[in-house]
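Open the model in your viewer and keep the selection tool ready. The tour starts with the whole chain and then moves from stop to stop.

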Amino acid sequence: MQGQTQSISFDGREIRLTTGRFAPQAGGSVLVECGDTAVLVTATRSGGRDGIDFLPLICDYEERLYAAGRIPGSYMRRESRPPERATLTARLIDRPIRPLFPSWMRDDLQIVATCLSLDERVPADVLAVTGSSIATLLAGIPFNGPMAAVRVGLLGDDFVLNPSYREMERGDLDLVVAGTPDGVVMVEAGANQLPEGDVIEAIDFGYEAICELIKAQEQLLKDLGIKQVKPETPTEDKTVPTYLDKQCTKAISEVLKKFEQSKEERDTALDAVKAEISEKIAGLKEDDAVRQAVTASSKLLGNSFKALTKTLMRQQILKDGKRVDGRGLDEVRTISALAGVLPRRVHGSGLFQRGLTQVLSTATLGTPSDAQEMDDLHPNTEKLYLHHYNFPPYSVGETRPMRSPGRREIGHGALAERAILPVLPEKDTFPYVVRVVSEVLSSNGSTSMGSVCGSTLSLMDAGVPLKAPVSGAAMGLIKEGDEVRILTDIQGIEDFLGDMDFKVAGSDKGITALQMDMKITGLSVKTIAEAVNKARPARLHILEKMLEAIDTPREGLSPHAPRLLSFRIDPELIGTVIGPGGRTIKGITERTNTKIDIEDGGIVTIASHDGAAAEEAQKIIEGLTRKVNEGEVFSGSITRIIPIGAFVEILPGKEGMIHISQLSEARVEKVEDVVKVGDEVTVRVREIDNRGRINLTLRGVPQSGDSTSVEPQPTPVAPLN
């Protein structure tokens with residue numbers, strides 16, 4: 001198992017690359033290590049498939065809990081379905097590397113990254129992305145790389161390369177940027193309402209670091225004596241494309257210039273042109289080259305027709321500045337926004353529509369016990385805000401079996417979740433767990449940004465006190481040589497036929513989330529900056545329309561939402577509240593019909609649909625945890641009697657005992673001669689013994705009705721910070 005290890009000095013850290021030792025039957029493999037984090041990345045290529053017109057690339061990211069010294073918490077005690085964050089990392093690998101493979105490739109490709117060891121100071125995801133490039137190069141797969149990725153954080157005023165998990169939590173930016181020698185190929189970010197200029201500067205900062213990693217990969221190949229396999233476009237038969245260019249260009253152009261038509265009408269018209277040319281080809285002589293080519297390949301005509309439509313649409317935008325629906329390059333489609341569209345049994349709802357894209361979002365408020373427990377390698381083990389995105393087939397007028405959420409649904413939901421997180425209220429002031437579900441009812445481009453807008457509407461309708469409302473827009477790009485056109489609010493055909501899908505979400509203060517995917521091998525930071533800056537007026541225009549529907553969060557929650565009371569107790573007294581075997585807290589919940597959650601830090605959250613019941617439970621817990629001092633006077637009721645004394649509830653849930661000798665100045669033969677169960681008495685704390693038991697006395701204490709009686713003053717509860 002001989003191997004070769006080389007080191008890259010990067011931002012004061014050492015990245016170690018081991019090749020030739022692990023996974024010898026994979027096409028290419030590399031173990032990428034930094035600190036104590038180790039990720040094995042492999043790239044494998046198998047023979048091409050007949051009859052497909054796409055690149056069959058699979059990118060997988062595998063987490064093993066032994067990497068963090070843990071045993072899986074599932075029933076089987078082994079890893080099964082990838083957790084959500086592993087799926088998002090797999091997408092993080094896929095998105096920058098997919099456009100770098102040649103468009104003509106039809107071989108099965110698979111990249112597998114496995115986290116074998118995790119150092120919390122060194123997240124594994126960006127190492128896996130860079131490792132995917134190295135493994136692909138080592139496998140000799142045609143590839144427009146090298147490609148590398150880095151994470152950029154912002155701590156105070158300083159950018160930090162590849163921050164730790166803790167630094168990411170403390171910082172105002174979590175940005176991953178991937179690039180090639182040609183420029184930036186992917187951006188993904190969450191930000192705390194940062195100005196556009198700061199985000200652009202961070203992208204530029206990250207790309208400079210990427211250039212270092214690209215040079216290191218080139219040097220690695222040189223040291224290993226490996227020559228990179230660059231894609232060479234195979235010679236294509238131009239017979240059918242040339243024929244379609246002559247026969248269909250005018251008809252397709254006329255369809256694309258009918259700006260007043262709907263999407264359905266445009267699609268129908270293009271299908272009619274395609275059907276007409278298909279019939280024409282079928283009528284050609286049997287020995288005609290066009291007919292023979294189309295007969296030999298069932299998909300050739302469709303692919304060539306699609307390519308010609310793409311070319312003509314792009315030319316129309318570049319030359320005329322007109323899009324297929326007649327909009328200018330910076331124009332946003334018609335916006336419609338509604339809040340409270342569902343009955344109030346649903347805690348909050350919002351319906352957002354932009355053009356033909358329509359999203360229904362609902363918000364549900366839950367208690368702390370509803371938080372999602374995360375069984376993965378990330379040190380953050382729970383989620384208090386969940387965004388789930390559903391994309392049913394009817395949203396695009398299709399039929400297909402309904403399955404569990406796929407990578408696309410998980411990725412779009414995570415992006416919308418990330419956009420909203422920075423504006424959610426702090427847990428101390430709003431202790432609810434919040435779930436938003438976005439149902440895509442109609443899709444024609446940028447449903448993820450539609451989900452962001454719908455989420456804001458539903459959360460405000462639910463009464464969640466957002467720090468600021470958030471909207472989002474998707475930007476597109478057409479690039480031919482040096483000519484570049486940026487499109488605002490792209491629709492489906494522009495996403496499909498364009499070169500970029502750049503989603504930007506944020507408030508009027510700044511950006512909260514970014515996601516950029518490319519179909520070309522790189523884009524300059526200058527062009528990205530232009531797209532980011534052009535997204536701002538679009539976002540603010542959309543936000544203005546949303547605020548016409550609801551401009552502030554509702555004052556009251558839905559009557560069906562739980563009411564929460566949250567306060568802090570001394571963490572050392574948590575056991576007192578829980579009681580032996582949980583009997584005390586169970587008794588409180590049964591007595592008050594509430595739900596009680598206690599965190600390790602001493603934060604108690606009480607949930608109930610009855611505010612008075614929640615307050616009663618709070619009083620009981622405060623009574624249990626209130627410190628009682630000798631000499632204090634309390635009024636309470638006799639709860640039970642034993643031969644040697646009587647017990648008094650001096651505070652909700654807290655009792656003390658009056659010994660028979662302390663019932664009166666005179667000698668008492670029998671406790672019942674002085675007090676009975678239910679009697680109201682005023683007592684003084686005589687002593688607290690070494691076992692914490694409270695001993696009371698009636699001797700010398702004025703009783704009710706006497707003007708000298710004293711009521712106890714409750715100790716204030718420490719506020720939540």
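Among contacts in the protein chain between residues at least 6 apart in sequence, 69% join residues at least 24 apart; contact means heavy atoms within 4.5 Å. This is a predicted model, where local features need pLDDT of at least 70 and side-chain atom pairs count only at pLDDT 80 or more, while totals for chains, interfaces and linings use all residues. Residues are numbered from 1 along each chain as its sequence is written, and side-chain values use heavy atoms, with hydrogens and water left out.

**Whole chain**

Select the protein chain. Its C-alpha atoms fill a box of roughly 125 × 65 × 45 Å, taken along the principal axes. Colour by secondary structure to see 15 helices and 29 strands. These are DSSP runs, numbered from the N terminus: helices are H or I with at least four residues, strands E with at least two.

Of the 721 residues, 51% count as buried. Buried means under 20% relative accessible area, exposed over 50%, and partly exposed in between (1.4 Å probe, protein chains only). Now show the surface. The accessible surface comes to about 33600 Å², and 49% of that belongs to carbon and sulfur atoms. Areas come from the Shrake-Rupley method with a 1.4 Å probe; for residues, only the protein chains shown count as cover.

**Met186**

Select Met186, in strand β10 (residues 183-194). Met186 has a relative accessible area of 0%, so it is buried. Beyond four places in sequence, Met186 touches Leu92, Arg95, Pro96, Val176, Val177, Ala178, Met516 and Asp517.

**Leu57**

Go to strand β5 (residues 57-63) and select Leu57. Leu57 counts as buried because its relative accessibility is 8%. Leaving out residues up to four places away in sequence, Leu57 touches Asp94, Ile97, Arg98, Phe101, Leu109 and Ile111. Leu57 and Gly20 are 37 residues apart in sequence, and their C-alpha atoms are 24 Å apart in space.

**Thr87**

Next, pick Thr87 in helix α1 (residues 84-97). Is Thr87 buried or exposed? Thr87 is at 10% relative accessibility, so it counts as buried. Neighbours within four places in sequence aside, Thr87 is in contact with Pro82, Arg407 and Ile410.

**Negative patch**

Back to the surface. Select Asp11, Asp157, Asp158, Asp198, Glu201, Asp204, Glu208 and Glu212, which gather in a patch of negative charge. Patches are made of residues with over 30% relative accessible area and no salt bridge; like charges are joined within 9 Å, nonpolar side chains (Val, Leu, Ile, Met, Phe, Trp, Tyr) within 5 Å. A salt bridge is a side-chain nitrogen of Lys or Arg within 4 Å of a carboxyl oxygen of Asp or Glu.

Highlight helix α4 (residues 196-224), which gives the most to the negative patch, with five residues. Then centre on Asp158, in strand β8 (residues 158-161). Asp158 is exposed because its relative accessible area is 52%.

**Nonpolar patch**

Last stop: select Leu338, Val341 and Leu342. They make a nonpolar surface patch of about 210 Å². Val341 lies in the loop between β11 (335-339) and β12 (348-354). Val341 is at 32% relative accessibility, so it counts as partly exposed.

Technical notes. Lys and Arg count as positive and Asp and Glu as negative; His and the chain ends are not counted. The place of a charge is taken as NZ of Lys, CZ of Arg, CG of Asp or CD of Glu.
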